[in-house]
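Subject: Structure handover

Hello,

Here is the structure I promised you. Please open it beside this email and follow along.

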Amino acid sequence: MSTGVSWGLWPRYEQRIIPVTNRFDPLPQAAPMLVFGNGRSYGDVCLNAGGTLLATRSLDRFISFDATSGVLECEAGVLLSEIIALTLPRGWFLPVPPGTALVTVGGAIANDVHGKNHHRAGSFGHHLLSFELRRSSGETLRCAPDQHADWFGATIGGLGLTGMISTARLQLRRVPGEWIAGDSQRFHNLPEFFALAAQSDVAYEYTVGWLDSAASGDKLGRGVFMRGNHLQHDAPPARERSLRFPLTPPISPVTRLSVRLFNELYFRRPASQHPHAIWHYQRFLFPLDRLLDWNRLYGPRGFFQYQCVLPGAEAASALPEMLRRIARSRQGSLLVVLKQFGNLPSLGLLSFPRPGVTLALDFPNRGEPTLQLLESLDAITRSVGGAVYPAKDARMSAQSFQQYFPAWKRLQDYIDPKFSSSFWRRVTRSW
Ligand SMILES: Cc1cc2nc3c(=O)[nH]c(=O)nc-3n(C[C@H](O)[C@H](O)[C@H](O)COP(=O)(O)OP(=O)(O)OC[C@H]3O[C@@H](n4cnc5c(N)ncnc54)[C@H](O)[C@@H]3O)c2cc1C
């Protein structure tokens, strides 16, 4: 047994870890089991207290890539960053890049991840041609929109519970190069954000807002809006360097004061108002990957991420109420992302993306006060028919989950009898 954590560094559980190195080997019979990708989920969706984790990072082989059609087949432990490194020099890119490229293909499918282009491209599942699913019974299912279609839909966003995805075929998208051109501009309140999102989603592939969570009064809802498109550019290929956060400080430097200061400086910096910006794709799409192990910044108690989606009509009233509660709680967040999702229905039974606006915030773990704040945000999300993202969650109640994802009971028909997760046991308790 060894202690396992996910990106939020909380909770910590004792688990047995078995590396999977050969995709043709039968799965071990070590119930309850769960596949572990690269641990970039924030909470317990990739944890299995007292059980077994099948670690799949060694399933990292490319199987085929057709540079004419952009169809790629690889093992499920391949990282999205490794796909980009192989295909971008040949003019192909990920159809859906989430906020970090350090996630595996299996993890991207199991959480049906989304990116800054959701309004155009939907989520990861929309670009999957097929995948192979290994079951503990020894059976292998080839799943595609027209083959075992029900297993296809249950496994996309299926939280790793239907078995182990061993390989996947993806349709990549053509891009002219490594650069993204667009602009960034300040917005001073939420109506300005909504107007910018509506106007930009028509002309821009990528759109995202950063929000000042420490702002209150007439500054409530201010932030910076960024948008961009892939660009044909004659700049030489660039490799952005990453730094590593060196250690876990005994006490987190993320305090009310540092959050307020950071937010003020970020809002005011000259780059927040830039009419003709050109970014390297890594800087624009994966800014956090430039500081490896940044989660240590939150100290040994770790942190929570709260990501919700609020339906369009209700978001205009629910968002200010959430921001007021956060400001009152004095537990502001450094990284706040606001994004308008598109209307393309997700393919997965339990996929998170749905029409509306999604808000994501990080909070240092201060124990009960933080849990109470998050539960009060849940009360707002529940009241407007929204949902919270399981990939980012370590604490939502069974009641909340079952309201957010009414199809959870249907997923049970597809769960591998030898598979389970800490998340699933927590959110399917009766309440
Ligand atoms: C900085 C940062 C930014 C992020 N930004 C975004 C974002 O913009 N959009 C977004 O959607 N998400 C985002 N995420 C969340 C992240 O994309 C997801 O949590 C993703 O699923 C993590 O993949 P992983 O390979 O690390 O898998 P893990 O976290 O290890 O596992 C995630 C789930 O996938 C299952 N799984 C993994 N591999 C397999 C397999 N081979 N077969 C079956 N199940 C499997 C696991 O059992 C688990 O349920 C972000 C995370 C971070 C740290």
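Two residues are in contact if their C-beta atoms, placed from the backbone, lie within 7 Å. Keep that in mind for the packing described below. One caution: this is a predicted model.

**Helix 6**

Start with helix 6, residues 256-268.

Now look at which residues of helix 6 are buried: Val259, Asn263 and Phe267. Seen down the helix axis, these buried residues fall within an arc of 55 degrees, so they line one face of helix 6. What do they pack against? The buried residues of helix 6 pack against strand 12 and strand 14. On the other side of the helix, Leu257, Leu261, Leu265 and Arg268 are exposed.

Strands of a sheet pair through backbone hydrogen bonds, either parallel or antiparallel.

Follow strand 14 (residues 223-231) and its two partners. Nine bridges join strand 14 to strand 12 (residues 179-187), and the two run antiparallel. Find Ile180 there: it stands opposite His230 in strand 14. Strand 13 (residues 206-211) also runs antiparallel to strand 14, with six bridges between them. Here Tyr206 stands opposite Gly228. Thr207 stands opposite Arg227.

**A hairpin**

Next, find strand 8 (residues 128-134) and strand 9 (residues 140-143). They pair in the antiparallel sense over four bridges. Arg134 stands opposite Thr140 in strand 9. Five residues sit between the two strands of this hairpin. Which residue takes a positive phi in the hairpin? Gly138 does, with a value near 100 degrees.

**The ligand**

How many residues surround the ligand? The count is 32. The closest are Gly37, Gly99, Gly106, Gly107 and Gly160. By type, the shell divides into 17 nonpolar residues, 14 polar ones and one charged.

Where does the shell come from? Strand 3 (33-36), helix 2 (105-110) and strand 10 (164-171) each supply at least two residues. Helix 2 gives the largest share, four residues.

**Ala318**

Last, go to Ala318 in helix 8 (residues 312-329). Is Ala318 buried or exposed? A residue counts as buried if 20 or more other C-beta atoms lie within 10 Å of its own. Ala318 has 23 other C-beta atoms within 10 Å, so it is buried.

Which residues is Ala318 in contact with, leaving aside its neighbours within four places in sequence? They are Leu310, Ile380 and Val384. Take Val384 as a case. Ala318 and Val384 are 66 residues apart along the chain. Their C-alpha atoms are separated by 7.5 Å.

Best wishes

Technical notes:
Residues numbered from 1 in each chain as written. Predicted model: local features only at pLDDT ≥ 70, side-chain atom pairs only at ≥ 80, totals over all residues. Near = placed C-beta within 6 Å. Nonpolar A, V, L, I, M, F, W, Y, C, P; charged D, E, K, R; others polar. Pairing = 2+ DSSP bridges. Expected span 1.5 Å × (residues − 1). Buried ≥ 20, exposed ≤ 12 C-beta atoms within 10 Å, placed from the backbone. Arc of directions from axis to C-beta.
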